[in-house]
Structure formats: C-alpha cells, structure tokens
Amino acid sequence: AKPFTTYRLRVSHINGTKWMTNRRYSEFRALMEKLKSKYGSSVPHGFPPKKILGNLNPQVIDKRHMALQTWLDKVLENVTLGHCPEVQLFLEETKFNEGLVEVEFEDSIVRLDLEKIGYLYK
C-alpha cells in the first residue's frame, strides 16, 4: 500500500479528561462530507482540498495541518456540530500506533491540538 500521513489529535474534554487519537486526511474529509449532508450550510468553510500529487511534501503537510486545525476548531466552536455524534465519534480514542514516526511541529494553544504528524507505511 502507499504511504500516507496521519494527524495526531490531542483532545481535552470539558470534564478534564485528555486523550490522543490519530486520523488520516481521508477521515477528516469523510467527517466533513457527513456533516455537510446532515447540517448543510452550518458546516464551516475552509476545509483543505484533496491533492493528487505532493501529499508527502513537508510544506504541503504543514499547510494542510494548519487548515485542518482551523477547520476543526470552527466545527467545535459551533454548539450543534461540536456535540453531534459524528464529531464525538471522530474524536474518540483509537489504537493506531504501529510504525508511527513522529515529526515535531510548533505547539499551538487551542482546545483541540493537531499535535504531530507522522508517516505510516504498510
């Protein structure tokens, strides 16, 4: 299979619980499409477009990382979207660590932090 990028999310719940989960761009895109079909124009704009070439280029990854961060923050700021089952399921912890190589990015202070990016090879 082809290499892909995974985005690690550090999630902080209002009750103080914290956990990590990993998601691929395709999972973010699937979430966005589900939200659009269910909530229509309530879904924030600014979701990064799909790229055919250059997905593993560090500059492309960094730009996409920031765009996903901004988009997901906007989703969470919307009371309806932030509490809907699709978003809650997306943020759940998953066991997905095999073969992960981490690349450090600068920390940003947000409620949901797409903390690090790694490449997974199968």
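How many residues lie between β1 and β2 in their hairpin, and which residue in the turn has a positive phi? Five residues separate the two strands, and G16 is the turn residue with a positive phi, about 100 degrees.

## Basis of the model

This is a predicted model, in which local features need pLDDT of at least 70 and side-chain atom pairs count only at pLDDT 80 or more, while totals for chains, interfaces and linings use all residues. Residues are numbered from 1 along each chain as its sequence is written, and side-chain values use heavy atoms, with hydrogens and water left out.

## Overall layout

The protein has four helices and four strands. Helices (H or I, at least four residues) and strands (E, at least two) are DSSP runs, numbered from the N terminus. Along the sequence their order is β-β-α-α-α-α-β-β.

Of the 122 residues in the protein, 39% are buried. Buried means under 20% relative accessible area, exposed over 50%, and partly exposed in between, with a 1.4 Å probe and protein chains only. Among the contacts (heavy atoms within 4.5 Å) with a separation of 6 or more, 63% are between residues 24 or more positions apart.

Strand β1 spans residues 4-12 and pairs with β2 in the antiparallel sense over seven bridges. Two strands count as paired if DSSP finds at least two bridges between them. Within this pair, R10 stands opposite M20 of β2.

N22 belongs to β2, which covers residues 18-24. N22 counts as buried because its relative accessibility is 5%. The side chain of N22 makes a polar contact of 3.3 Å with the side chain of R8. A polar contact is a pair of N or O atoms within 3.5 Å; within protein, one must be able to donate a hydrogen and the other to accept it, and residues adjacent in sequence count only if both atoms are side-chain atoms.

## The nonpolar core

A nonpolar core is a set of buried Ala, Val, Leu, Ile, Met, Phe, Trp, Tyr and Cys residues joined through side-chain atoms within 4.5 Å. The largest one here has 22 residues, and F28, L35, W71, L72 and V87 have the most contacts inside it. At least two residues of this core come from each of β1, α1 (25-39), α2 and α4 (85-91). Helix α2 supplies the largest share, six residues.

Beyond its neighbours within four places in sequence, L35 contacts G40, V43, W71, V75, L81, C84, E86 and V87.

## Packing of α1 against α2

The axes of α1 and α2 come within 12 Å and cross at roughly 35 degrees. Axes are lines fitted to C-alpha atoms, for helices over the stretch in contact, and angles run from 0 to 180 degrees between N-to-C directions. The crossing is left-handed, meaning that the near helix is turned anticlockwise from the far one by less than a right angle. On the α1 side the contact is made by Y25, F28, L31, M32 and L35, and on the α2 side by R64, L68, W71, L72 and V75.

## Two partly exposed helix residues

T70 lies in α2, residues 58-77. Its relative accessible area is 41%, so T70 is partly exposed. T70 and G46 are 24 residues apart in sequence, with their C-alpha atoms 8.0 Å apart in space.

Q88 is in helix α4 and is partly exposed, at a relative accessible area of 34%. Not counting residues up to four places away in sequence, Q88 touches G82 and H83. The side chain of Q88 reaches the backbone oxygen of G82 at 2.6 Å.
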